[in-house]
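Hi,

Here is the structure I promised to pass on.

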Amino acid sequence: MQYKISPSILDVQPDQMISYVNTLIDWGVSNVHYDVMDNEFVPNKALELEKIKEIANKCKKHTMDIHLMVSDVMKYYMMYKNVGDILTFHYEAFKSKEEFFELIDQAKKDHIKIGLAINPDTDINSIFPYLKYLELVLVMSVFPGLGGQVFIEGTLERVKILKDYVLKNNLDLIIQIDGGIKAHNIKSCYDAGITLAVVGSYLVKNFSKKEIDRLTNWDKKNW
Ligand code: DX5
Ligand code: ZN
């Protein structure tokens with residue numbers, strides 16, 4: 001069984017990002033994760049729109065999933081809707097149900113795929129009513145805002161509850177996990193039911209084709 005990763009480039013030096021992404025693609029990675037922060041939803045800044053556009057223009061074709069840790073959902077939707085393949089916003093950022101459906105309606109018109117991210121301290125059941133409108137759910141395994149944090153163990157239980165619901169309701173969804181993923185814990189994430197693992201600082205520190213094979217291909221018993 002081939003598992004998938006979505007490397008995050010948050011911890012890559014800005015002048016290295018293009019070559020990092022192109023190398024990933026050469027090594028067979030098809031998905032890359034781009035973090036955007038507004039210094040409000042989280043107290044930090046990350047990739048700017050111009051940088052993501054530059055990567056989209058200069059890098060070989062790949063699936064760009066954009067993780068928007070921002071408070072003003074509709075403003076950022078309008079800014080990013082023409083960049084990337086899936087735009088993921090935080091459940092906690094929506095001010096109302098109406099705002100969520102405003103986004104979904106607009107995205108449908110624009111043919112944009114939408115994901116929903118959930119923080120470690122938000123009840124996993126609270127997102128269930130919204131799953132059928134989404135392409136992806138991102139279960140945060142750290143509090144958003146920084147790369148290189150430690151994986152929160154309780155996340156696996158939450159992923160299992162979510163996966164159970166997805167299977168019982170026959171939903172077609174990518175389940176993504178983000179934060180603290182390394183070679184030693186990625187298998188338990190796949191086993192819990194995720195289909196796409198974000199790997200940030202671990203891959204930056206251990207950047208090789210062999211490591212990518214180790215993170216994605218468990219059948220070859222290369223662990
Ligand atoms: C954190 C970001 C992550 C981050 C992951 O808020 O959403 O995508 O880059 O980095 P690691 O894998 O180092 O935890
Ligand atoms: Zn992220």
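**Aromatic rings and cysteines**

Tyr-76 and Tyr-80 sit about one helical turn from each other, because they are four residues apart in helix H3 (residues 73-80). (Helices are DSSP runs of H or I with at least four residues, numbered from the N terminus.)

A quick word on the source: this is a predicted model, where local features need pLDDT of at least 70 and side-chain atom pairs count only at pLDDT 80 or more, while totals for chains, interfaces and linings use all residues. Residues are numbered from 1 along each chain as its sequence is written, chains are lettered from A and ligands numbered from 1 in the order written, and side-chain values use heavy atoms, leaving out hydrogens and water.

Now the rings. Rings of Phe, Tyr and Trp (its six-membered ring) pair if their centres lie within 6.5 Å; planes under 30 degrees apart are stacked, over 60 edge-to-face, and the rest tilted. That rule gives 12 aromatic pairs. In one of them, Tyr-20 stacks with Phe-207, at 4.2 Å centre to centre and 15 degrees between the planes. This pair joins distant parts of the chain, 187 residues apart: Tyr-20 is in helix H1 (residues 17-26), and Phe-207 is in the loop between helix H7 (201-205) and helix H8 (209-216). Tyr-20 is buried at 7% relative accessibility, whereas Phe-207 is partly exposed at 27%. (Buried is under 20% relative accessible area, exposed over 50%, partly exposed in between, with a 1.4 Å probe and protein chains only.)

And the cysteines? There are zero disulfides (pairs of cysteine sulfur atoms within 2.5 Å).

Cheers

Terms used:
Helices (H or I, at least four residues) and strands (E, at least two) are DSSP runs, numbered from the N terminus.
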